[in-house]
Amino acid sequence: MYNLPSKQLLLFLGVLFVYQAQAQQKVLNIKDAEQMALANYGTIKSKANQLNAAKAYLKETRTEYLPDVSISAQQDYGTANGQNGPLYGYRGLSVASSGPAQANQNWNAAFGSLYLSNVSWDFFSFGKSHERIKVQKNIVNREQADLGQEQFQHEVRVASTYLNLLAAQQLAKAQQDNLNRAIDLQKVVVARVKNGLNPGVDSALANAEVSNAKISLTNTEQTVQDQSNQLSVYLGIPAQDFLLDSAFVTKLPTTLEALSSVQLADHPQLRYLQNRIGVSDEQAKYLKTFSYPTFTLFGVYQGRGSGFNYDYTTNPNSVNSSYGAGANPTRYNYLFGVAMVWNITSPFRVHYQVQSQKYTSEQFKNDYDLVEQQLTAQLALAQTRIGNSLKNYREVPVEVSAASDAYKQKYTLYKNGLANIVDFTQALYTLNRAEVDRYIALNNVWQALLFKSAATGDFGIFINNF
């Protein structure tokens, strides 16, 4: 064991503690943040399930062209008194007892049975089933485009919040530096006032400057917390502090003139709107098929048993009440045929339904045209923003250098009684403003590139620029 002096040991332990604390907090780079956000964000999960539901319903829609095949079996016990006269079985509230109409009521009862199979197939309906399948296919495409749109927009939201948080953290550093300088000023002023070298009002101004710097720092720290919480929500994780990649404040994008690999018509937002138009157009075609008749093939085969014998009409006592006599079918029937059903007033109603759907399609087209116009304008604005942000980035070093020189000069002059505190505080404010501009200048270049990426629909323009 090496014997270290106590001061060196404390210093070593302090450095080790700081190193371990920094090692425990992993840097969150933007690509990892994007992957985490796409995997965890609730709206994306919701739209993915919505897409899965549309795909499942498409499979169900394809099966609707299959014929209806039904089988039925029933065994009953009851009387069979009939009566001459009209009868309407309203909503199934009367029984269908079949038997001879006799002079008097009797309570002869026996078992009966009915076994039935039925096939019904709408084999031709002027493309109704086919159009319905096409509608559902377009709905699947729409939901797929909606998911893609949400994923793209969320990537942009996450990147923007990431940059905003990084800028807020840098501004917090600037405000901390400003507070430290204000405290240094306060110490100098208090010392000079105590020695009678400056008037007492200088200490009041210095105290006000310190308070203002503390308030500015607190407000900036609140902004950091707000942006951090927002990023946590977008990532789908509990609120926490983040250690972000410093590349956005240390280097320019690789290329600012990268061309988009995505055509404007393939922009995720426009692709979704185009699919929405497609769904509406197919729905208009589907509705039109309701103007035409439906042709149906059908067939029925049944077997029936009864405990009432064939001569029950003339001999009311010819009844076999055993279960086997009623459950065993003794008579069979079949039938098959073709039917055509057409409500001849349907074309009048369907005409207006189709017309309404076509107006809906026109509405969606208007929305598409508006968004297309907005994206074209945003792309032009993005190029302007990139140019302006680069100009500011190149100008910031000049501002910081000049403000720093002015601060040092005023500080030296004030300490030697050659400048008043107003001039010094003005230099302090100018330096703080220059440092703020320095911290956000490069961030604004990245923000402008992100704006271009959002306008073109190509997120790779931003994410692949490291």
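Q: As what does Phe126 count at 34% relative accessibility?
A: Here's the scale: buried is under 20% relative accessible area, exposed is over 50%, and partly exposed is in between (1.4 Å probe, protein chains only). With its 34%, Phe126 therefore counts as partly exposed.

Q: What kind of model is this?
A: Residues are numbered from 1 along each chain as its sequence is written, and side-chain values use heavy atoms, with hydrogens and water left out. Local features need pLDDT of at least 70, side-chain atom pairs count only at pLDDT 80 or more, totals for chains, interfaces and linings use all residues, and the model itself is predicted.

Q: What is the phi of Phe126?
A: Phe126 is found in the loop between strand 3 (109-124) and helix 4; helices (H or I, at least four residues) and strands (E, at least two) are DSSP runs, numbered from the N terminus. Phe126 is not a glycine, yet its phi is positive, at about 60°.

Q: How far apart do the C-alpha centres of domain 1 and domain 2 lie?
A: Domain bounds here come from an automatic or database domain assignment. That assignment gives domain 1 (30-65 + 126-293 + 345-464) and domain 2 (68-83 + 106-124 + 294-341). Their C-alpha centres are separated by 72 Å.

Q: How many residues does the contact take from domain 2?
A: Contact means heavy atoms within 4.5 Å. From domain 1 the contact takes five residues, and from domain 2 the number is eight.

Q: What arc do the buried residues of helix 2 cover around the axis?
A: The buried residues in helix 2 are Ile30, Ala33, Glu34 and Ala37. They sit on the same side of helix 2, because their arc around the axis (taken from the directions from the helix axis to the C-beta atoms) is only 100°.

Q: Which residues does Gln170 touch, not counting residues up to four places away in sequence?
A: Gln170 has its place in helix 4. Its relative accessibility is 8%, so Gln170 counts as buried. Skipping residues up to four places away in sequence, it touches Val249 and Tyr439.

Q: How far apart are the C-alpha atoms of Tyr272 and Phe152?
A: Tyr272 is found in helix 6 (residues 268-288) and counts as buried because its relative accessibility is 17%. Leaving aside neighbours within four places in sequence, Tyr272 is in contact with Arg142, Ala145, Asp146 and Gln149. Phe152 is 120 residues away from Tyr272 along the chain, and their C-alpha atoms are separated by 12 Å.

Q: What is the angle between the planes of Tyr286 and Phe290?
A: Rings of Phe, Tyr and Trp (its six-membered ring) pair if their centres lie within 6.5 Å; planes under 30 degrees apart count as stacked, over 60 as edge-to-face and the rest as tilted. The structure holds 20 such aromatic pairs. Tyr286 and Phe290 form an edge-to-face one, 5.1 Å centre to centre, with the planes at 80°.

Q: How many residues apart in sequence are the parts that Tyr301 and Tyr332 tie together?
A: Tyr301 and Tyr332 are stacked, 6.3 Å centre to centre with 15° between the planes. Tyr301 lies in strand 5 (residues 294-306) and Tyr332 in strand 6 (residues 331-341), so the sequence separation of the parts they tie together is 31 residues.

Q: Which residues do ring pairs link into a cluster together with Tyr162?
A: This group is joined through ring pairs. Besides Tyr162, the cluster holds Phe248, Trp446, Phe459 and Phe462.

Q: Over the ring of which residue does the charged end of Arg385 sit?
A: A charge sits over a ring if NZ of Lys or CZ of Arg is within 6 Å of the ring centre and within 35 degrees of the ring normal. Lys128 does this with Phe290, 4.5 Å from the ring centre. For Arg385, at 4.4 Å from the centre, the ring belongs to Phe451.
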